[in-house]
Amino acid sequence: MNLAFKDIRYNRLKFFGSTLGVGLLLMVMLTIGGIIRGIILDSATIIEETGANLWVVEKGTLGPFVEISRIPQDYYHAIQALEGVAEASPLVMAWEHITRPMIPTPLMKFMYMNTVLGTKTMVEPGWLDMPMDQRFVVIGYKPGHIGGPPIIISGRGIEASRYEIVADVKTGLHVGERLRLGNFDYTVVGLTRNMVGFNADPVIYASLNDAQDILFQRDPDLLRNERVRVESRVLGAATGAPRLAAPLSERARSLAENVRFLNAVAVKLQPGASPGEVADAITRWKHLEVYSAARQVNLQLMGSNRLILLQLSVFRLILLVISGVIIGFIIYTLTLDKIKEIAVLKLLGMQNWRIYRMILEQALLMGVLGTLIGALLEFAMEPYFPRRVEATWGDVVQMLAAIIIVATLASLLAIRRAMKVDARMVLGT
Amino acid sequence: MEYAIEAQYLSKTYGEGRTRVEVLKDVSLAVRPGELFAIMGPSGSGKTTLLTILGLVTEPTHGRVILDEENIYNGRRPDLQCLRREKLGFIFQLANLIPFLTARENILLPLELIGITGKEARSRATELLKYLEVADRADHHPEQLSGGEKQRVAIARALANEPKVILADEPTASLDTERGLSVMRLLRKLSNEKRTAILVVTHDTRMITEVDQVIHLQDGRIVDTG
Ligand SMILES: Nc1ncnc2c1ncn2[C@@H]1O[C@H](COP(=O)(O)OP(=O)(O)OP(=O)(O)O)[C@@H](O)[C@H]1O
Ligand SMILES: [Mg+2]
């Protein structure tokens, strides 16, 4: 006769109610872990999926994911020619935004309501009617080279040389949709997934030329003004040397118009090539900085994302302690509720190990079921978060191990108390 | 075998110094198989304490207990848990059935503890339930039983392991006179038919009509035997 199961069956409401409580706490624990992993993955995915060994950027900068880096476009040919380099892919990437009418979701309203309570003056009245700026990262690459969208989940990749884009699903764009970026209209030909910048701004892929137009081509009117201004200054400076005036003005015009630079060159090495030697060769020869892929990821995790990651980790730690204490208490009190039955069982002469087993079986079953419930709820909820949340079965196993320890300790403490109970409690008055 | 259980010069003190209380002083008694033995006395006289010592739950400060010819508190330490499940049966003031087990399962439990399971256990349980006239309640949980029914199931449980000695602390206190008397008559019948030594604590004089022996405790001493 298994007393643990008989007890659970008889007191199912209490047992499964408590188990649900444990499960919900574990769900929160798993979610916060998933949020942290989501931020890390958001920082790393583009770099990882690009598959480059080295990232070449402007000297003195940290690279395109963290700050602006500009290098002349033709450098990539030279890098390509270096020994040990299999592929040098020219890339541009920068932020761009489109302005859309605001369609406030209930979540958005909820967020604003909460903000308004504390910081009234910082929220403009009528925010619901204001247009919304949607930011994303534009990545320009040469189709056929590394740095493009790793998977297409609907539609196709970029085939025409101009005016086609592939967007991450999180942009909310659809295949076939047209939108104006910079001075031209572009057609969404395909969608990809999980490609976002470190701030979770979703990515739009375009051909290198298109991306340079979108990101660096300024307004034609502005450009004309600029050209006139530069030209007149150069001509003014050249009054002393009239022969130089024409070539100088030509050079000035091209400077003002020149948009043909890159933000980074992604370098894939030949098998067996030494990353250190290639990096040395590049830095020695040009005014450039070279980072390994891991270092590029780390620059974000330990740079721009460091504080938010630490912030969430502190929160996670607090949650861990609180959940541990609460779950411990739930199991402890559940066992102490049985103190009278334990005393009777002792008087009936039941062996101590059988009493321990009965209590431990229940506590562990509660831990295992709670973890399972928590995991399933967490996995079911992940897609509804605005940013990527990714808990793994590894997390679940870790959680299970922790919960087994907590459950065992809590029930052992409780049984120890229960075992000391005076037989007087049940025997008589 | 003369006595089912014997107590020799039992004394028990709690606490030390100013809080020291001598709850039992030199209590000796002996009960034969088949005897119904009543322990009486006012509140606080040490009745429950005596019973917990006889039930091998509390260790006496001095003196010894001899259960079925085995000397318990005599240097070496026998497995008390094992002695309890094999030789003792308890009946409490409140039936104290295990709430999540049915009446039948409450009786099967002590049988399982001494290794009797399966068909034999089930037929013994059924027999006991019939004997105590609660067979029709076999599959009910304790909370569905009346006070008297619960107490009869508890008595069946105490009988299940065919103990040498049954210890009952105020088994009639939570019942009305009528039912209380019927429980006493039942204990009388049990000790006669099953040759079990039964010790009953009570402070209700109406309940001691059919007993073989009575002791009266006062301030931890036996003041009267009859
Ligand atoms: N653990 C303990 N520590 C100190 N004193 C105790 C302890 N247990 C019992 N006593 C004292 O021992 C005395 C006898 O208690 P006991 O429970 O044996 O009395 P009783 O005869 O069963 O009384 P009642 O009829 O009220 O049930 C009481 O004065 C009680 O306060
Ligand atoms: Mg008492």
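**A walk through chains A and B**

In the hairpin that strand 7 of chain A forms with strand 8 of chain A, two residues lie between the strands, and A:Gly182 takes a positive phi near 65°. Strands here are DSSP runs of E with at least two residues, helices are runs of H or I with at least four residues, and both are numbered from the N terminus. This is a predicted model, in which local features need pLDDT of at least 70 and side-chain atom pairs count only at pLDDT 80 or more, while totals for chains, interfaces and linings use all residues. Residues are numbered from 1 along each chain as its sequence is written, chains are lettered from A and ligands numbered from 1 in the order in which they are written, and side-chain values use heavy atoms, with hydrogens and water left out.

Strand 7 (residues 178-181) of chain A pairs with strand 8 of chain A in the antiparallel sense over four bridges, where pairing requires that DSSP finds at least two bridges between two strands. Within this pair, A:Arg180 has A:Asp185 of strand 8 as its bridge partner. Strand 8 of chain A also pairs with strand 6 of chain A, in the parallel sense and over five bridges, and with strand 5 (residues 154-155) of chain A, in the antiparallel sense over two bridges. A:Gly190 in strand 8 of chain A stands opposite A:Val166, and A:Gly190 also stands opposite A:Gly155. Strand 8 (residues 184-192) of chain A is largely enclosed by the rest of the structure, because seven of its nine residues are buried; buried means under 20% relative accessible area, exposed means over 50%, and partly exposed lies in between, with a 1.4 Å probe and protein chains only.

The confidence of the prediction can be followed through pLDDT, the predictor's confidence in each residue on a scale from 0 to 100. Chain A has a mean pLDDT of 87, with 88% of its residues at 70 or more. Among the elements of chain A, strand 6 (residues 164-168) has the highest mean pLDDT, 95, whereas helix 7 (residues 242-257) has the lowest, 62.

A:Ser323 has its place in helix 10 (residues 306-336) of chain A, and it counts as buried because its relative accessibility is 4%. Leaving aside neighbours within four places in sequence, A:Ser323 is in contact (heavy atoms within 4.5 Å) with A:Leu25, A:Met29 and A:Gly328.

In chain B, strand 1 (residues 5-14) and strand 2 (residues 21-31) pair in the antiparallel sense over seven bridges. These two strands of chain B form a hairpin with six residues between them, and B:Gly15 in the turn has a positive phi of about 70°. B:Glu6 stands opposite B:Ala30 in strand 2 of chain B, and B:Tyr14 stands opposite B:Val21 in that strand. Four strands of chain B form an open sheet in the order 2-1-4-5, with antiparallel pairing. Its edge strands are strand 2 and strand 5 (70-71) of chain B, each of which pairs on one side only. Helix 1 (residues 47-54) of chain B packs on the sheet, touching strand 1, strand 2 and strand 4 (62-67) of chain B, and its direction makes about 120° with that of strand 1 of chain B; axes are lines fitted to C-alpha atoms, for helices over the stretch in contact, and angles run from 0 to 180 degrees between N-to-C directions. Helix 1 of chain B is mostly covered, with eight of its eight residues buried, and just after it B:Leu56 takes a positive phi of about 60°.

B:Leu50, B:Leu54 and B:Leu56 are among the residues that touch the most other members of the largest nonpolar core, which has 59 residues. The largest share of this core, six residues, comes from helix 11 (residues 339-347) of chain A. Apart from it lies another core of 51 residues, including A:Tyr205 and A:Leu334. A nonpolar core is a set of buried Ala, Val, Leu, Ile, Met, Phe, Trp, Tyr and Cys residues joined through side-chain atoms within 4.5 Å.
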